[in-house]
Amino acid sequence: MTANPFSLWVYLSQQPLLWLTVTLLVYATADALSLATGRHPFANPVFHSMWIIAVFLLLTGTSYTTYFSGAQFVHFLLGPATVALAVPLYENRKIVAAAIVPMLAALVVGCATAIVSVVLLAKAFGLPQNVVLSLAPKSVTAGVAMGISESLGADASLTAVAVVLTGIMGAIIVTPMMNRMGITDYRARGFAVGLASHGIGTARAFQVDAVAGVFAGIAMSLNALVTSLLVPLAVTLLVR
Amino acid sequence: MIASLSLILLCQLAGEIAVRAFAWPVPGPVLGMLLLLVLLLLRDRAVLFAQGPLQGGGVENAAKGLLAHLSLMFIPAGVGVVQKLDLLAEHGTAIVGVLAISVVITLLVTVVTFLIISRVMTRGRSVS
């Protein structure tokens with residue numbers, strides 16, 4: 001046993017092992033709690049893991065760079081998970097093919113709404129131009145949104161935060177909102193949350209209904225495609 | 001399992017290479033997803049493709065395993081909020097407000113568009 005527990009902490013806090021363990025452990029706990037509440041919208045595991053880890057980093061004075069040296073292994077999986085969406089798409093190809101026209105219409109209209117609404121609102125709220133640009137791609141999955149943000153010369157790390165916040169808000173709001181509106185078509189519900197709230201919305205949709213999850217996954221991947229094309233255009237028209 | 005993960009990574013790699021090589025404005029993993037979808041469809045048509053992870057549900061199980069924990073993968077990016085505390089102190093309320101209103105509008109417009117077009121199509125089909 002080391003004589004000085006502080007030197008042990010100094011050693012461990014610089015190692016990826018500790019931060020990877022913290023990420024998985026906090027998530028596993030938050031997910032178990034979410035399951036225990038019957039997947040209540042406010043027990044969102046991403047939201048609770050995020051603030052608990054953030055507070056822990058602030059209390060221990062750990063920099064995000066140090067944390068990310070461990071957490072990057074989890075972050076990396078976003079790419080392979082996007083590729084993996086091909087499987088639910090393939091397995092449900094008949095339902096998807098049958099709904100191709102409403103899907104494409106909702107994709108184009110929804111994607112344009114997501115970008116235009118955030119840019120106009122951000123300008124109306126008087127946010128600085130750099131922030132407006134960083135928020136523009138917030139409805140697509142983190143890796144893609146950060147790429148778009150970089151190509152616009154905006155702040156990619158702010159984009160990542162906006163992406164996660166958007167995902168969490170959509171995942172919390174969607175079930176009560178759709179229930180109140182009396183919408184029972186799980187294809188439409190899933191598609192809307194996947195488009196507005198990418199992977200976090202998709203994870204939520206899979207919790208509620210399998211068909212909703214599939215449509216959310218499709219919306220998320222198609223939206224990544226369309227948003228990469230539309231954001232530069234929208235920014236040229238609305239911001240510059 | 002390892003072969004299935006390798007196939008998924010290979011699709012992503014091919015996607016990234018194609019995107020860089022041709023300077024396409026599409027994310028590499030999205031192209032990788034299309035590639036994997038094409039491989040799965042080809043497998044049903046030609047025995048040539050029904051090999052290794054593409055048979056016996058190999059790649060399917062690996063993909064479902066990954067997707068079951070999709071939420072987890074957003075946490076590292078979300079914790080990045082600790083780098084933005086001074087910006088959030090200044091503009092936090094406005095940013096959260098903008099994002100919340102935008103996500104509600106987007107959900108509403110998307111779900112309504114989907115339902116209207118879907119209803120118009122079924123009506124058109126029942127008339128004809």
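Q: Into which domains is chain A divided?

A: Chain A is divided into domain 1 (1-76) and domain 2 (80-240), with bounds that come from an automatic or database domain assignment. This is a predicted model, in which local features need pLDDT of at least 70, side-chain atom pairs count only at pLDDT 80 or more, and totals for chains, interfaces and linings use all residues. Residues are numbered from 1 along each chain as its sequence is written, while chains are lettered from A and ligands numbered from 1 in the order in which they are written.

Q: How many residues of domain 1 of chain A are in contact with domain 2 of chain A?

A: Two residues are in contact if their C-beta atoms, placed from the backbone, lie within 7 Å, and on that basis seven residues of domain 1 of chain A touch nine residues of domain 2 of chain A. Of the residues on the domain 1 side, five are nonpolar, one is polar and one is charged, where Ala, Val, Leu, Ile, Met, Phe, Trp, Tyr, Cys and Pro count as nonpolar, Asp, Glu, Lys and Arg as charged, and the others, Gly among them, as polar. The C-alpha centres of these two domains of chain A lie 27 Å apart.

Q: What does the domain assignment of chain B give?

A: It gives domain 1 (1-68) and domain 2 (75-128) of chain B, and the centres of these two domains, taken over C-alpha atoms, are separated by 29 Å.

Q: How many residues does the contact take from chain A and from chain B?

A: Chain A contributes 88 residues and chain B contributes 61 residues. On the side of chain A that touches chain B, the largest share, 16 residues, comes from helix H11 (residues 156-181) of chain A, helices being DSSP runs of H or I with at least four residues, numbered from the N terminus. By class, that side of chain A has 64 nonpolar, 21 polar and three charged residues.

Q: Why is Val83(A) called buried?

A: A residue is buried if 20 or more other C-beta atoms lie within 10 Å of its own, exposed if 12 or fewer, and partly exposed in between, with C-beta atoms placed from the backbone. Val83(A) has 31 other C-beta atoms within 10 Å and therefore counts as buried. Val83(A) lies in helix H5 (residues 78-84) of chain A and, not counting residues up to four places away in sequence, touches Ile8(B), Cys11(B), Gln12(B), Pro29(B), Gly32(B), Met33(B) and Leu36(B).

Q: What makes Gly80(B) buried?

A: With 26 other C-beta atoms within 10 Å, Gly80(B) passes the cut-off and is therefore buried. Gly80(B) is found in the loop between H4 and helix H5 (85-127) of chain B, and, leaving aside its neighbours within four places in sequence, Gly80(B) is in contact with Tyr64(A), Ser157(A), Ala160(A) and Val161(A).

Q: What makes helix H10 (residues 142-151) of chain A mostly covered?

A: Eight of the 10 residues of H10(A) are buried, among them Ala142(A), Val144(A), Met146(A) and Ile148(A). The buried residues of H10(A) pack against H5, helix H9 (129-135), H11 and helix H13 (210-238) of chain A together with helix H2 (28-45) and helix H4 (75-79) of chain B.

Q: At what angle do H11(A) and helix H12 (residues 186-208) of chain A pack?

A: The angle is about 75 degrees, and the axes are 8 Å apart, where axes are lines fitted to C-alpha atoms, for helices over the stretch in contact, and angles run from 0 to 180 degrees between N-to-C directions. Angles under 35 degrees count as roughly parallel, over 145 as roughly antiparallel, 65 to 115 as roughly perpendicular and the rest as oblique, so H11(A) is roughly perpendicular to H12(A). The residues of this contact of H11(A) with H12(A) divide into nine nonpolar, eight polar and two charged.

Q: How many residues has the largest nonpolar core?

A: The largest nonpolar core has 113 residues, and those with the most contacts inside it are Ala84(A), Ala86(A), Val164(A) and Phe191(A). Such a core is a set of buried Ala, Val, Leu, Ile, Met, Phe, Trp, Tyr and Cys residues joined through C-beta atoms within 7 Å. Leaving aside its neighbours within four places in sequence, Val164(A) is in contact with Val46(A), Met50(A), Phe74(B), Ala77(B) and Gly78(B).

Technical notes
Helix = DSSP H or I, 4+ residues; strand = E, 2+ residues; numbered from the N terminus.
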